[in-house]
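Here is a structure to walk through together, from the overall layout down to single residues. Please keep the sequence and the 3D view side by side as you read.

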Amino acid sequence: MALPKISEARELTDEQLVSEIVSVKKQLFQLRLQASTRQLEKPHEFRHARHRLAQLLTVETERKQVQQG
């Protein structure tokens, strides 16, 4: 499974972007919970989720900077 592309994040609307950020944060919480109880079957999902969250936060920051300046 390939890492998500940032171009996909840039295509989202502002509302979709915020909801996706919340969704990925919940997913990371669940992954941490599974890891702590030794139920995590796919450890690579951590990397994908963190990568996706970074992309979404980057796009959100870019949009805020464009609106301000």
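We start with the whole chain, then turn to a helix pair, the core and a few individual residues.

This is a predicted model, in which local features need pLDDT of at least 70 and side-chain atom pairs count only at pLDDT 80 or more, while totals for chains, interfaces and linings use all residues. Residues are numbered from 1 along each chain as its sequence is written, and side-chain values use heavy atoms, with hydrogens and water left out.

The chain has three helices and zero strands, where helices (H or I, at least four residues) and strands (E, at least two) are DSSP runs numbered from the N terminus. Along the sequence this gives the pattern α-α-α. The C-alpha trace spans about 45 × 20 × 15 Å along its principal axes. Of the 69 residues in the chain, 23% are buried; here buried means under 20% relative accessible area, exposed over 50%, and partly exposed in between, with a 1.4 Å probe and protein chains only. Among contacts (heavy atoms within 4.5 Å) with a separation of 6 or more, 76% come from residues 24 or more positions apart.

Now for the helix pair. Two packed helices are described by the angle between their axes and the distance between the axes. H2 and H3 pack at an angle of about 150°, and their axes lie 9 Å apart; the axes are lines fitted to C-alpha atoms, for helices over the stretch in contact, and angles run from 0 to 180 degrees between N-to-C directions. H2 and H3 are therefore roughly antiparallel, since angles under 35 degrees count as roughly parallel, over 145 as roughly antiparallel, 65 to 115 as roughly perpendicular and the rest as oblique. By class, the contact of H2 with H3 has 13 nonpolar, two polar and nine charged residues. In this scheme Ala, Val, Leu, Ile, Met, Phe, Trp, Tyr, Cys and Pro count as nonpolar, Asp, Glu, Lys and Arg as charged, and the others, Gly among them, as polar.

The largest nonpolar core has 12 residues, including Ala9, Leu17, Val24, Phe46 and Leu53. Helix H2 (14–36) and helix H3 (44–68) each supply at least two residues of this core. Such a core is a set of buried Ala, Val, Leu, Ile, Met, Phe, Trp, Tyr and Cys residues joined through side-chain atoms within 4.5 Å. Ile21 belongs to this core too, and, leaving aside residues up to four places away in sequence, Ile21 touches Leu53, Leu56, Leu57 and Glu60.

Arg52 sits in helix H3 and counts as buried because its relative accessibility is 12%. Not counting residues up to four places away in sequence, Arg52 touches Pro4, Lys5, Glu8, Ala9, Leu12, Glu20 and Val24.

Arg38 lies in the loop between H2 and H3, where it counts as exposed because its relative accessibility is 80%. Most residues other than glycine have a negative phi. Arg38 is not a glycine, yet its phi is positive, at about 60°.

Val22, in helix H2, is partly exposed, with a relative accessible area of 40%, and its C-alpha is 15 Å from that of His48, 26 residues apart in sequence. Glu45, in helix H3, is partly exposed at 26%, and its C-alpha is separated by 22 Å from that of Arg10, 35 residues apart along the chain.
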